[in-house]
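Visitor: Could we go through this model together? Please begin with the sheet.

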Amino acid sequence: PLREGDFVHVYDFVGTVEQIGLRSTRIRTLDRTVITIPNGDLANQRIESYTARDRIRLACTIGLVYETTATQVQTVVTELERILRDHPKIWPDSVVVWFKAFADSALEIEVMAWFQTSDWNEFQGIRQGVLLSFMQAIEQAGTSIAFPTRTIHVVGNSQPERLAMPQVVD
């Protein structure tokens, strides 16, 4: 299920397979430690190989401020989808850009797309470029990205009420 050089997820860690021996397999973790797993134990484990994938998924939720109008939301959704579909590495069969929810502090837009690369470093560069393009599109639509906020409305009399103090009786 794995080969030397594969980037894998086994148990609760991820790392690169460094050596497969007759009795055990050595995996170098992201923290640069080495995990040695007996092959008998490894045979009974779920192994996820990132090396075998043919594309990498971008999945994110973008929150717009509540002052954003419906027209601006539609403009942003349309532009984000255009940015993705115009990208040379996009997998065109599954691009998702939808107005998702009226959340606590933002109007949420769901974004999901696959990029045709299996190289994590290349994907990070693609993701950065796409997210920066998203920011520009949001700015050009005349709105902005939300951050967590909470508005509290206090309703009451203009005169403070006196609290009755309990009487202490001897």
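Guide: The sheet is open and has three strands in the order E6-E8-E7, with antiparallel pairing; strands pair if DSSP finds at least two bridges between them. Strands (E, at least two residues) and helices (H or I, at least four) are DSSP runs, numbered from the N terminus. This is a predicted model: local features need pLDDT of at least 70, side-chain atom pairs count only at pLDDT 80 or more, and totals for chains, interfaces and linings use all residues. Residues are numbered from 1 along each chain as its sequence is written, and side-chain values use heavy atoms, with hydrogens and water left out.

Visitor: Which strands stand at the edges?

Guide: Strand E6 (56-64) and strand E7 (90-102) do; each has a single partner strand, so one side of each lacks a neighbour in the sheet.

Visitor: Over how many bridges do E7 and E8 pair?

Guide: E7 and E8 (residues 107-115) pair over eight bridges, in the antiparallel sense. Trp-91 stands opposite Trp-114 in E8.

Visitor: And which strands does H3 touch?

Guide: H3 packs on the sheet and touches E6 and E8; its direction makes about 25° with that of E6. Angles run from 0 to 180 degrees between N-to-C directions, with axes fitted as lines to C-alpha atoms, for helices over the stretch in contact.

Visitor: Changing topic: is Thr-143 buried or exposed?

Guide: Thr-143 counts as buried because its relative accessibility is 9%; buried means under 20% relative accessible area, exposed over 50%, and partly exposed in between (1.4 Å probe, protein chains only). Thr-143 lies in the segment after helix H3 (120-140).

Methods
Contact = heavy atoms within 4.5 Å.
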